[in-house]
Structures are given as C-alpha cells and as structure tokens.
Amino acid sequence: MILADNNSFQKKQGKRGVWVAILLFCFLGGCSDQKRQLDFRYSGWTMGTSFTVKVSQLPDGVEKKRLTEEIDQRLVEINDVMSTYIDHSELSRLNANSSTDWISISPELFYVISESRRISERSSGAFDITVGPLVNLWGFGPEYSGEKIPDESEIAAKRTNTGFHHFILRQPPPAIKKDIPNLSLDLSGIAKGYGVDQLAELLEREKIQDYLVEVGGEIRIKGRKMGASPWRIAIEKPLVDQRTVQMILELSDIGMATSGDYRNYLEKDGQHYSHTIDPTSGYPVTHKLASVTVLSQSAMHADAMATAFMVLGPDKGYRLAEAEMLTALFIIKNEKGFIEKATTAFKKLVEK
C-alpha cells in the first residue's frame, strides 16, 4: 500500500512483510560471499519500489549488458500498461474513461484484470482492485484525504464507486465494460507479482535455469545457487521496531509473496488503524493477523492471495488457503507475541 505523503497522523511506514532484498543474502551468510557466487546481479527501481535480479551462471552467448537492457525495457513496458502514476499508461487512460460502453484493452492488461477478477470471486471480494477510493479516504493512498477519520457517510459514499462486480470482461477481442462511470482500477496488489513472473519468463527465454527475481519483496526463484546450494529465503518476524527472522526456507522453482501491516499503519487519538482496508465494509481490518506468506508457481497469484488473506484474517483466510490447497504461513498476534499457523501444504514443504 502507498501512504499519503503529507499529514499530521502518526504513521508507521515500511515494506510489506518479507524484506527479501535485504535478508535473502546478507542475513543468511554474508553479502560478499554471495556476490562471488553470482554471475549476474542487477538492481534498480520500478513500480515505486526496488527490484533485484540474480543469476547463478549465464549461459554462453548471453551478454550482461543486453540482459540488463532487456530487463529495463520489460519493466518500462509493464509500467506503461499498469501504472496509476503514469498519466499516459493504459490503466490510467482506462480509469479516466467514464464510458459505460465496451472499452478495448490490451491482452496484457486483460490477463491481469481477469486474474484479479477470478481471485476476487474466490475470496468473496476480499481482494478487489476497485478499492482505491476507500484506501485514499483512509489516508493510505496517493490522494490525501485530510486529518480526520472518515465517518460512516463518507465511507458509504466512496463504496458506491467501488466493487469488482461493477465491471465485466470479454474476449476476443479483449475488452472491459464498467457499469458506473467513476469506477477506477488499481493493480498494486497484483502487478508486482506479475512483474516478477514476466522477468522470470524473460530469463527462461534466455535459457537461464538458476535465478532469483524480486520486486518489492515478491519473488520467484528457479534452480540453485552456484555450488548447487539451494536458495535460502527468510520470512521476517512481524515486529514494528526491529528486523529479525521468523523462519528460513530452502526453496526452488516457486514464487512467493508476503503481506503484512505491522510497519504500515496510522494512529489517531491513540487508536491504531491498519492500512489493510476490507473492501466489503470500507473499514480497516481489526483482526490479529500480522502477516501471511504465500507460495505458488506464479508470483502474481501469490501476491494477490496474500493480500486477500490479510483482509480475511487468520480464520477465514486460513480456511480459504486450505480449500485452495495453497502453501501459506499465517503469523498471528497474541498476548504472548506471535503464533504460526501453517497450511497442510506448507507443513509438507518444511518437512521435506
């Protein structure tokens, strides 16, 4: 979630869930050793956050300069489709279009919106790419809404312009239709995962078999590090004032995403307000789920499901994760600290 730049609320800010870019190598064995073991490493900024691509060994004929340029170009292309901060992006133009007729969209945008819609349906609306006006109203979006907690009438008014059921899709050709003119879409809960998947596919087209891709903490890995050792991923303990590891996983051929609000919230008059807004109520969630990590073959799927579980909470979210047979770890606050609640698939993973 993105916080408003300027207000007098006390806001606690931080990355979502797992700080993979920091912990992945430095915390688990020393950055200098890992740099010597990597044939290619490239980092930068995209989608309002950082990204890192690491390759154990480049195949013959793959030049580092060309690979860097291809990564940059692909990220620019994704932003030009899905960014809400670029006025000329396809998504920004779609949001600015108040037509309730069919609007043609690119196959790429159609794919991400349709996956968002599918997850909205599977999660009973917990994941909803139309929730932006409510996020802004509570002071967690790019549009600052003022120095007060919104009242019931303001929330109700914003909710009239939200709801994934207010758009439908069709293909071919790919198109979307809104049934309310002011409906806007925000893909921030799924686009980073999509970007990770796209970079992974780029690497695989180059016959690269051992890599790690990370965008804003969402990751996808394949193969192994140099020396045949596994990639080691740290799940962060959800503490406000320190960074320490909850669990270390040795993984390969998987995508992973974490969502949490323990460093991203606001306080007003002594009241804590989560940045996670429940689209079905318009209010911040009040449950005790501190963070949830999801593993899936697609980082995009893991990204969106982690967001949905943070809305649903430790009970409803866990039941859905089990019903979907997902590999997920829920970290829940209690009076003594935190407890872990792992799905059946996650338990099998760590027992290997």
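**Aromatic pairs.** I looked up the aromatic pairs first, taking rings of Phe, Tyr and Trp (its six-membered ring) as paired if their centres lie within 6.5 Å, and by this rule the count comes to five. I then took tyrosine 111 and tyrosine 194, whose ring centres are 6.1 Å apart with the planes at 55°, so this pair is tilted; planes under 30 degrees apart would count as stacked, over 60 as edge-to-face, and the rest are tilted. Tyrosine 111 belongs to helix 5 and tyrosine 194 to helix 8 (residues 191-205), and the pair links distant parts of the chain, 83 residues apart.

**Basis.** I note that the model is predicted, that local features need pLDDT of at least 70 and side-chain atom pairs count only at pLDDT 80 or more, while totals for chains, interfaces and linings use all residues. Residues are numbered from 1 along each chain as its sequence is written, and side-chain values use heavy atoms, with hydrogens and water left out. Helices (H or I, at least four residues) and strands (E, at least two) are DSSP runs numbered from the N terminus.

**Helix 8 and helix 9.** I found helix 8 packed with helix 9 (residues 299-323) at an angle of about 165°, the axes being 7 Å apart; axes are lines fitted to C-alpha atoms, for helices over the stretch in contact, and angles run from 0 to 180 degrees between N-to-C directions. The two helices are therefore roughly antiparallel, a term for angles over 145, where under 35 is roughly parallel, 65 to 115 roughly perpendicular and the rest oblique. With contact meaning heavy atoms within 4.5 Å, I listed Ala191, Lys192, Gly193, Tyr194, Val196 and Asp197 of helix 8 against Ala299, Met300 and Asp303 of helix 9. By class this contact has five nonpolar, one polar and three charged residues; Ala, Val, Leu, Ile, Met, Phe, Trp, Tyr, Cys and Pro count as nonpolar, Asp, Glu, Lys and Arg as charged, and the others, Gly among them, as polar.

**Helix 3 and helix 5.** The axes of helix 3 (residues 64-82) and helix 5 (residues 107-122) come within 10 Å and cross at roughly 70°, and these helices are therefore roughly perpendicular to each other. Arg74, Ile78, Val81 and Met82 of helix 3 make the contact with Glu108, Leu109 and Val112 of helix 5, which by class gives five nonpolar, no polar and two charged residues.

Strand 14 (residues 289-296) and strand 15 (residues 327-334) are joined by six bridges, and valine 292 has phenylalanine 330 of strand 15 as its bridge partner.

Strand 4 pairs with strand 6 (residues 175-178) over two bridges, and isoleucine 103 has isoleucine 176 in strand 6 as its bridge partner.

Note on methods
Two strands pair if DSSP finds at least two bridges between them.
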